[in-house]
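Me: I have a structure open and have not looked at it before. Can you walk me through it?

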Amino acid sequence: MADILTLLKKDHEEVAGLLDRAMKLEGDDKQFAELAAKIEAALTVHATLEEKLFYPQLRDRSESGEDKTDVYEAYVEHDVLKHLIALLKSEGRRDEAFKAELQVLGENVKHHVKEEESTVFTLARELLSEDEREEIGAQFEAGKASAKAA
Ligand SMILES: [Fe+2]
């Protein structure tokens with residue numbers, strides 16, 4: 001069984017890789033649209049499952065206000081990412097403005113991943129036992145599998 005933190009890290013690397021590819025892509029619009037759809041799907045499933053299985057545990061168990069704020073910050077960052085994804089999707093074009101949106105999305109993902117892997121992961125190691133992290137990991141994998149099937 002895999003620790004939820006290991007699984008999240010793997011997801012982060014995958015999304016970062018897709019975003020890098022999208023930024024560098026010189027191919028046709030079809031390839032680009034496919035990649036954008038992949039990024040959207042990966043980020044949406046990831047964020048939804050984190051918000052359902054992972055963040056609430058940390059939020060509810062945090063004893064200090066500062067820790068709770070760190071967890072809420074992660075939620076807010078997800079909201080920003082969702083907004084940026086909606087923006088990307090809203091117009092069927094691939095021009096300079098689109099590239100700018102992609103760039104900002106990439107920067108925001110990087111920022112979120114960095115904070116999550118430092119602050120949030122540290123909190124998770126403090127507040128959740130190894131068994132609990134594996135249990136959440138199993139739920140996360142099951143959630144991903146059913147999202148893929150849908
Ligand atoms: Fe996240």
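Reply: Start with glutamate 132, which is found in helix H5. Helices here are DSSP runs of H or I of at least four residues, strands are runs of E of at least two, and both are numbered from the N terminus. This is a predicted model, in which local features need pLDDT of at least 70, side-chain atom pairs count only at pLDDT 80 or more, and totals for chains, interfaces and linings use all residues. Residues are numbered from 1 along each chain as its sequence is written.

Me: Why does glutamate 132 count as partly exposed?

Reply: Glutamate 132 is partly exposed because 14 other C-beta atoms lie within 10 Å. A residue is buried if 20 or more other C-beta atoms lie within 10 Å of its own, exposed if 12 or fewer, and partly exposed in between, with C-beta atoms placed from the backbone.

Me: How far apart are glutamate 132 and isoleucine 4 in space?

Reply: Their C-alpha atoms are 8.9 Å apart, although the two residues are 128 apart in sequence.

Me: What does isoleucine 4 touch?

Reply: Neighbours within four places in sequence aside, isoleucine 4 is in contact with Phe54, Arg133, Ile136, Gly137 and Phe140. Contact means that the C-beta atoms of two residues, placed from the backbone, lie within 7 Å.

Me: And which residues of H5 are buried?

Reply: Those are Arg133, Ile136, Gly137 and Phe140. Seen down the axis of H5, they fall within an arc of 110°, so they line one face of the helix. The arc is that of the directions from the helix axis to the C-beta atoms. On the face turned away from the buried side, H5 carries the exposed residues Asp131, Ala142, Ala145, Ser146 and Ala149.

Me: What about H1, which residues are buried there?

Reply: In H1 the buried residues are Ile4, Leu7, Leu8, Asp11, Val15, Leu18, Leu19 and Ala22. They fall within an arc of 105° seen down the axis of H1, so they also line one face of their helix. Thr6, Lys10, Glu13, Gly17, Asp20 and Lys24 are exposed on the face turned away from that buried side.

Me: What span should H1 have?

Reply: H1 covers residues 4-24, and at 1.5 Å a residue its 21 residues should span 30 Å; the end C-alpha atoms are 31 Å apart, which agrees. The expected span is 1.5 Å times one less than the number of residues. H5, with 20 residues, reaches 29 Å from its first C-alpha to its last, close to the 28 Å expected.

Me: Change of topic. How many helices and strands does the chain have?

Reply: It has five helices and zero strands. The radius of gyration is 16 Å, close to the 15 Å that the globule rule gives for 150 residues, so the chain is as compact as a globular protein of that length. That radius is taken over C-alpha atoms, and the rule is 2.2 Å times the number of residues to the power 0.38. The C-alpha trace spans about 50 × 35 × 20 Å along its principal axes.

Me: How many residues are in the largest nonpolar core?

Reply: It has 13 residues, and Ile4 and Phe140 have the most contacts inside it. H1, H2 (29-61), H3 (65-90), H4 (96-127) and H5 (130-149) each give two or more residues to this core. Another core, of twelve residues, lies apart from it, with Val15, Ile39, Ala47 and Leu102 among them. A nonpolar core is a set of buried Ala, Val, Leu, Ile, Met, Phe, Trp, Tyr and Cys residues joined through C-beta atoms within 7 Å.

Me: Is histidine 83 buried or exposed?

Reply: Histidine 83 is exposed, with 12 other C-beta atoms within 10 Å. Its place is in helix H3.

Me: Last one: what pLDDT does the chain average?

Reply: The chain averages 90, and 95% of the residues score at least 70. pLDDT is the predictor's confidence in each residue, from 0 to 100. Among the elements, H2 has the lowest mean (90) and H5 the highest (95).
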